[in-house]
Amino acid sequence: MNKPPIIFNLDLFFESAEDTPSTIADNLIEELGAVTGHLDYRHFPDGESYLRVESEVNGQDCLLVCSLHDPNPKFLPLIFTAEVLRELGAKRIALVAPYLSYMRQDKRFKSGECITSRHFASLVSRSFDFLVTVDPHLHRYQSLDEIYGLKSLVLQSAPSVAQWITQQVYKPLLLGPDSESEQWVAEVARLADAPFEVLEKVRSGDLDVEVSVPHVDQYLDHTPVLVDDIISSGRTLLNTLEHLNKAGMQPAVCIGTHGLFGANAWELLKAGPTQKVVTSNSVPHPSNAIDLAPALAEGLKTWLTGS
Ligand SMILES: O=P(O)(O)OC[C@H]1O[C@@H](O)[C@H](O)[C@@H]1O
């Protein structure tokens with residue numbers, strides 16, 4: 001019989017005690033009947049990393065769970081862990097990154113800009129055998145294969161999001177804030193059996209976003225549900241909320257698959273004309289309400305039982 005996979009929760013080293021704890025790794029251990037991997041990770045006085053694998057990994061599949069928000073401080077420890085596991089004889093090494101960072105700069109918009117998505121992908125691909133993620137920000141890329149050189153599995157949050165909406169929202173009207181969001185909102189609407197509209201957004205800077213007023217007259221008795229893949233500065237949702245409010249719609253429910261909540265985005269959104277702000281647990285946060293572990297576990301089972 002195959003030995004159970006070993007799951008290392010890298011998030012443990014990057015969350016302070018006050019933060020919302022990451023639930024994905026624990027839930028996956030349960031769903032997959034996996035074993036908890038133990039690492040000793042700390043910093044030397046000069047800031048360099050010390051890392052020791054305390055579990056026996058020889059011949060075993062190892063899964064590294066790492067929510068890749070705030071990716072820069074996590075990246076070196078992540079790569080060091082994968083490399084030492086390989087040296088210690090791990091059979092295969094998977095990166096479980098429910099939120100996959102560095103997908104948004106997919107083009108050189110101004111001369112000299114670094115297309116960070118490509119270089120991040122190439123670095124990750126050197127150290128891992130497999131990558132599983134949820135709703136990566138595929139805008140100009142059609143698939144991860146365009147930039148990643150390893151086997152990958154992309155899962156959709158739509159079934160889990162649709163289930164949450166069906167259970168929690170009365171008469172929902174699903175709204176995507178821009179054309180990029182159509183891919184998510186259309187699928188969620190289909191699964192939740194609800195109507196949807198996609199609005200128009202013009203972004204003229206990191207914090208400068210304008211969203212068109214939608215034609216919502218026929219939906220005034222519906223609960224608007226804004227669905228997007230990422231909440232970062234929150235500007236896209238805040239702008240949309242403002243317009244919906246002016247158009248006389250009820251306070252909206254906001255759903256972001258990945259809640260990054262930069263600066264004061266969370267406070268601003270909570271204070272805005274919104275009923276509720278909800279995210280998946282891809283990034284640990286008080287807004288987490290949608291568990292992605294069951295979907296990730298299903299995807300990982302296929303990889304674990306494959307050759
Ligand atoms: O407006 P913020 O929250 O900064 O950014 C999130 C938006 O930026 C896009 O790339 C995402 O798809 C989402 O619509």
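A pocket is an open set of grid points, on a 1 Å grid over the protein atoms alone, with protein on both sides within 12 Å along at least five of seven lines. In this predicted model, the space taken by the ligand is the largest pocket.

**The shell around the ligand**

**Polar contacts and burial of the ligand**

- The side chain of R104 places an N or O atom 2.9 Å from an oxygen atom of the ligand.
- The backbone also takes part: a polar backbone atom of S232 is 2.8 Å from an oxygen atom of the ligand.
- In G234, a backbone N or O atom lies 2.8 Å from an oxygen atom of the ligand.
- The ligand exposes 370 Å² when taken alone, and the protein buries 95% of that area.

**Residue S157**

- S157 is situated in the loop that runs between β8 (151-155) and α4 (158-168).
- Its relative accessible area is 3%, so S157 is classed as buried, the cut-off being under 20%.
- The side chain of S157 is joined to the side chain of T257 by a polar contact of 3.1 Å.

**Residue I6**

- I6 belongs to strand β1, which covers residues 6-9.
- I6 counts as buried because its relative accessibility is 3%.
- Although I6 and A90 are 84 residues apart in sequence, their C-alpha atoms are 9.7 Å apart in space.

**Residue G299**

- G299 is part of helix α8, which comprises residues 293-305.
- With a relative accessibility of 7%, G299 is therefore counted as buried.
- G299 and T166 are 133 residues apart along the chain, and 24 Å separates their C-alpha atoms.

Key. Residues numbered from 1 in each chain as written. Predicted model: local features only at pLDDT ≥ 70, side-chain atom pairs only at ≥ 80, totals over all residues. Heavy atoms only, no water. Polar contact = N/O pair within 3.5 Å; in protein donor to acceptor, adjacent residues only side chain to side chain. Areas by Shrake-Rupley, 256 points an atom, 1.4 Å probe, with all protein chains shown as cover. 1 Å grid on protein atoms, 1.4 Å probe; cavity = no way out; pocket = protein on both sides within 12 Å on 5 of 7 lines; lining within 4 Å. Sits in = over half its atoms within 2 Å of the grid points. Helix = DSSP H or I, 4+ residues; strand = E, 2+ residues; numbered from the N terminus. Buried < 20%, exposed > 50% of the residue type's maximum accessible area, 1.4 Å probe, protein only.
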